[in-house]
Amino acid sequence: MISPLDILASDLLRYPLIIAVLIGLTAPVVGTYLVQKRLSLLGDGLGHVALTGVAVGWLVGAWLTASPADLLAIPGALAASVIGALLIEYVREVSHTSRDVALAILFYGGIAGGVVIIQLAGGTSQNLMGYLFGSLSTVTAPDTVISLVLAVLVLAIGVGLSGLLAAVTADEEFARASGLPVRVVNVLIAVMAALTVTLSMRIVGALMVSALMIIPVAAAQHLVVGFTRTMRTAMVIAVVCSLGGLLITVYVDLPPGGVIVLLTVAAYILGLLFRALRPARPISALGGPGPGRARALPLAARATPHD
Amino acid sequence: MSGDTAPDLGTDPADGATRAGDLEPASEVAPVIEVTAASVSRGGQRVLHDVDLRIVPGELVALLGANGSGKSTLLRAAVGILPLETGSARLFGAPVQRSLAHDRLGYVPQDSTEAGSIPATAQETVASGLLGARSWWPSRRDPRVLKALEQVGMSDLAGRPITRMSGGQRRRVMIARALVRSPELLVLDEPFSGVDLPTQDLISQLFRELSAAGTSILVVLHETGPLTGDIHRAVVLDHGHVVHNGPVEDRPHLHPGHGHPEDAAPIDQCLGQEMNPL
């Protein structure tokens, strides 16, 4: 039986645990903005594009006779997903192609590119399995450092500028009229999504990376109201599910990505039940100032009860 | 070119006594909005044709017209949301696309476009109105947020998600979001849309108070309703052209049965007649 101390002492397990916490913190931050923009599947599309990046990194590594062969896989995934994110944002803004069609092109082009290029690099599609479904054994110390840097970047932007990002994603028209940098914010969110995909694909896998962005947010929406509370609650759910899922796979031989995502689905169902069983509360209990704190004002006094 | 004479207020609008009949041209006052020879196309079709619009400080101007006449397009072009195909738009004297003067503008969009998939509370929504070109870190606990909600009689519902509000309540939250930055210019796109009469009266009273305090107001209306006596000037659009720019009572009748004066002539007749100078 592996003890908690063994887990912390082992590089094989310590690095994935660190990354799991980072994923839990960052994925829902990005996911909150994507859900708000109704772009929930963007992370999925970027996960597929990142696969092409993995294969390109592998190919370049083979040319440079790098050791190990996948040394440049994660940098390749990072570059490909950032380019993909910028491309989808460009398509969204200027092209007549609808968003779902553009995402579908990303999906299919990304996975096809990955399979073809990995073959050119002298590998097989089996080499991509660890990136498709996540794997503990593929995580290295350099991966952990890269993940740490990416997570700090995503949190600095996603949490540090949350007011600005939330305003733009909620109402672009109002944001433009208010002189806010709408295009910059949209690009920032797309790039944050790309960074998070790269950060997450080692553990969760490219096919399921989007789940950790979206499902905790959906679960949090059953538990709390308001944008900020939803984001914070989703972060807690995602950290618990990432750590819990990873620890389960330490003791039971199961794919970590699948277990983590199933835990988030369980959290969503629990949230659903909680909401269904929760008794209705008065309005003031929703976080407002309540009747006791509401001041009588000329216009407030004339407010209509019927509207 | 239509609408190139910008009527100005005959007296100081801040005293609340100026009405449409007092309007006189006065070009020396710097406009808060100045749209010149603007054309806008959407989806490959031109929806605004060579339009001028000029609002001077303290004016309450109504943009009127039938559905699809170009009112909202002109409004959006005037505040920099839509790009112009030809012509220019200036906000507080600076080109609208580059202007930092957006901080002095309060904007209320047409519908509930503010509701994303994650409903923000009224407090969060109004706090976003504090954001500007130079202010990226607003606080929902800023006292101005609750004050703005109080102005529209919504402070009791500060913590409620806006998606759980009625249409009228949501409109009032959107107006509070525009008011929270104490704007010198308030631009509203159909603030009475989907709002019952008592709430229309409430919002109208607020506009009167703001106008009396010197706030310039540009408002798109389908019908003038309770604001009729307070509008300094009406600009009427038809098929992307300005067909009237002057006193509200002289405007052509566009939509029979929509609350316009019964003696107003149909637009088709008006188009064949000599109208007020544009």
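Tutor: Gladly! Let us begin with contact: two residues are in contact if their C-beta atoms, placed from the backbone, lie within 7 Å. By that rule A:Val29 touches A:Val154, A:Leu155, A:Gly158, A:Val159, A:Met231 and A:Met235, leaving aside residues up to four places away in sequence. A word on the source: this is a predicted model, in which local features need pLDDT of at least 70 and side-chain atom pairs count only at pLDDT 80 or more, while totals for chains, interfaces and linings use all residues. Residues are numbered from 1 along each chain as its sequence is written, and chains are lettered from A and ligands numbered from 1 in the order in which they are written.

Student: What makes A:Val29 count as buried?

Tutor: A residue is buried if 20 or more other C-beta atoms lie within 10 Å of its own, exposed if 12 or fewer, and partly exposed in between. A:Val29 has 25 C-beta neighbours inside 10 Å, so it counts as buried. This residue lies in helix H2 (residues 11–36) of chain A. Its C-alpha atom is separated by 8.7 Å from that of A:Val217, 188 residues apart along the chain.

Student: How many helices and strands does chain A have?

Tutor: Helices (H or I, at least four residues) and strands (E, at least two) are DSSP runs, numbered from the N terminus. On that count chain A has 14 helices and zero strands. Of its 307 residues, 51% are buried. Chain B has six helices and twelve strands, and 56% of its 278 residues are buried.

Student: Why are H4(A) and H5(A) called roughly antiparallel?

Tutor: Axes are lines fitted to C-alpha atoms, for helices over the stretch in contact, and angles run from 0 to 180 degrees between N-to-C directions. Angles under 35 degrees count as roughly parallel, over 145 as roughly antiparallel, 65 to 115 as roughly perpendicular and the rest as oblique. Helix H4 (residues 73–94) and helix H5 (residues 99–120) of chain A pack at about 155°, with axes 10 Å apart. They are therefore roughly antiparallel.

Student: Which residues of H4(A) and H5(A) meet?

Tutor: A:Gly84, A:Ile88, A:Val91 and A:Arg92 in H4(A) meet A:Arg99, A:Ala102, A:Leu103 and A:Leu106 in H5(A). These divide into five nonpolar, one polar and two charged. Here Ala, Val, Leu, Ile, Met, Phe, Trp, Tyr, Cys and Pro count as nonpolar, Asp, Glu, Lys and Arg as charged, and the others, Gly among them, as polar.

Student: How do you know that H1(B) is largely enclosed?

Tutor: Eight of the eight residues of helix H1 (residues 71–78) of chain B are buried, so the rest of the structure largely encloses it. Among them are B:Leu74 and B:Arg76. After H1(B) comes B:Gly80, with a positive phi near 90°.

Student: What makes S11(B) and S12(B) a pair?

Tutor: Two strands pair if DSSP finds at least two bridges between them. Strand S11 (residues 233–238) of chain B and S12(B) have five bridges, in the antiparallel sense. They form a hairpin with two residues between them, and B:His239 in the turn has a positive phi of about 50°. B:Asp238 stands opposite B:His241 in S12(B).

Student: Why do S4 and S7 of chain B stand at the edges of their sheet?

Tutor: The open sheet of four strands has the order S4-S3-S6-S7, with antiparallel pairing. Strand S4 (45–55) and strand S7 (94–95) of chain B each have a single partner strand, so one side of each is left without a neighbour in the sheet.
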